[in-house]
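Please read it with the structure open.

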Amino acid sequence: MMKSLTILGALALATPVAAQQSFSAPEGCTPKLTVQHKGCVVVNVWTCEADDPGDQWLAVFGQAGLFSVQRVDDEFQWIESFKITGNEQLQMPADDPASLTELFDAQVDTWDFTLETEEGIERNVGFDMLTGETIEIDGEPLLRTEYAGQTLDGDGNVIDDSSGRQFVSKEHRLFFFGESWDANSPSDVIDMSPVEFIYPDEPGFFSAEPKFECNQLDVGYRP
């Protein structure tokens, strides 16, 4: 936990509210990938020697700067997150863990897991499903997915009910944002689909500055 907070603190210092153009991965970590999305969002991905094999870190930047830092494992379980809205940690083991292996093998993966947050526990239930369609974005082969899920508080009240379409990479074992909407307003679609995939030594790698649709109001990233 302390190492994670140190990483978040280092990134926050490197990226004030007025986002700088780039930042460095923490010591002992290797920068891997930058993805520029629609909706004025950029995501940076890195790995750290001290972590379990397959673990990856994702930093999400919006129009106002750093929004969250999240560690995921090889199955894309949300192990821990450090956000401007509060920190979260996965209760292990999950009742029905999220599993990329299950998704790739069976075309669908259900999940039921609980996060410990600063506001109390939050239970997340839902599914991811492959649509069977492969798309290439900026030279990157991605599989299209559909999902639906609910977040419930400790009393069982629904605090989020959303659906959407995302993208997943077998090579990176990562999901990437796509389209999402709330069950109460399905016509109000937020599109944060990826636009550019940037690798080391390419211009814009590990940028902390989103570049697409930033002349619009910040969409308010929702995990």
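1. Cys-48 counts as buried, at 10% relative accessibility. Buried here means under 20% relative accessible area, exposed means over 50%, and partly exposed lies in between (1.4 Å probe, protein chains only). Cys-29 is also buried, at 13%. The two cysteines form a disulfide, with their sulfur atoms 2.1 Å apart. The term covers a pair of cysteine sulfur atoms within 2.5 Å. The torsion about the S-S bond of Cys-29 and Cys-48 is about 100°, so this disulfide is right-handed. Cys-29 sits in strand 1 (residues 29-37) and Cys-48 in strand 2 (residues 41-48), 19 residues apart. Strands (E, at least two residues) and helices (H or I, at least four) are DSSP runs, numbered from the N terminus.

2. A word on the basis. This is a predicted model, where local features need pLDDT of at least 70 and side-chain atom pairs count only at pLDDT 80 or more, while totals for chains, interfaces and linings use all residues. Residues are numbered from 1 along each chain as its sequence is written, and side-chain values use heavy atoms, with hydrogens and water left out.

3. How many disulfides are there? The count comes to two. A disulfide is a covalent bond between the sulfur atoms of two cysteines. The other bond joins Cys-40 to Cys-214, with an S to S distance of 2.1 Å. The torsion about the S-S bond of Cys-40 and Cys-214 is about 100°, so it is right-handed. Cys-40 lies in the loop between strand 1 and strand 2, and Cys-214 in the segment after strand 13 (194-198), 174 residues apart. Cys-40 is buried, at 2%. Cys-214 is partly exposed, at 24%. With the bonded cysteines numbered in sequence order, the pairing is 1-3, 2-4.

4. Now the strands around these bonds. Strand 1 and strand 2 pair in the antiparallel sense over eight bridges. Pairing requires that DSSP finds at least two bridges between two strands. Thr-30 stands opposite Thr-47 in strand 2. The two strands form a hairpin with three residues between them. In the turn, Gly-39 has a positive phi of about 75°.

5. Strand 1 has another partner. Strand 1 and strand 13 pair in the antiparallel sense over four bridges. Here Val-35 stands opposite Phe-197 in strand 13.

6. Next, the rings. The whole structure holds seven aromatic pairs. Rings of Phe, Tyr and Trp (its six-membered ring) pair if their centres lie within 6.5 Å; planes under 30 degrees apart count as stacked, over 60 as edge-to-face and the rest as tilted. One of the pairs is Phe-76 with Phe-175, edge-to-face at 5.2 Å centre to centre and 70° between the planes. Phe-76 lies in the loop between strand 4 (65-72) and strand 5 (78-83) and Phe-175 in strand 11 (residues 174-182), so the pair ties together parts 99 residues apart in sequence.

7. Phe-205 and Phe-206 form a tilted pair, 5.1 Å centre to centre with 35° between the planes. Phe-205 is buried at 18%, and Phe-206 is buried at 3%. Ring pairs link Trp-46, Trp-57, Phe-205 and Phe-206 into a cluster.

8. Lys-170 lies over the face of Phe-104, at 5.4 Å from the ring centre. The test asks for NZ of Lys or CZ of Arg within 6 Å of the ring centre and within 35 degrees of the ring normal.

9. Last, the interior. In soluble globular proteins, nonpolar side chains tend to be buried together. The largest nonpolar core has 25 residues. Such a core is a set of buried Ala, Val, Leu, Ile, Met, Phe, Trp, Tyr and Cys residues joined through side-chain atoms within 4.5 Å. Val-43, Leu-100, Val-168, Leu-174, Phe-176 and Phe-197 have the most contacts inside it. Which strand gives the largest share of this core? Strand 11 does, with four residues.

10. Leu-174 touches residues including Val-45, Leu-58, Phe-76 and Phe-167, leaving aside those up to four places away in sequence. Contact means heavy atoms within 4.5 Å. A second, separate core of 15 residues includes Trp-46, Trp-57, Phe-82 and Ile-198.
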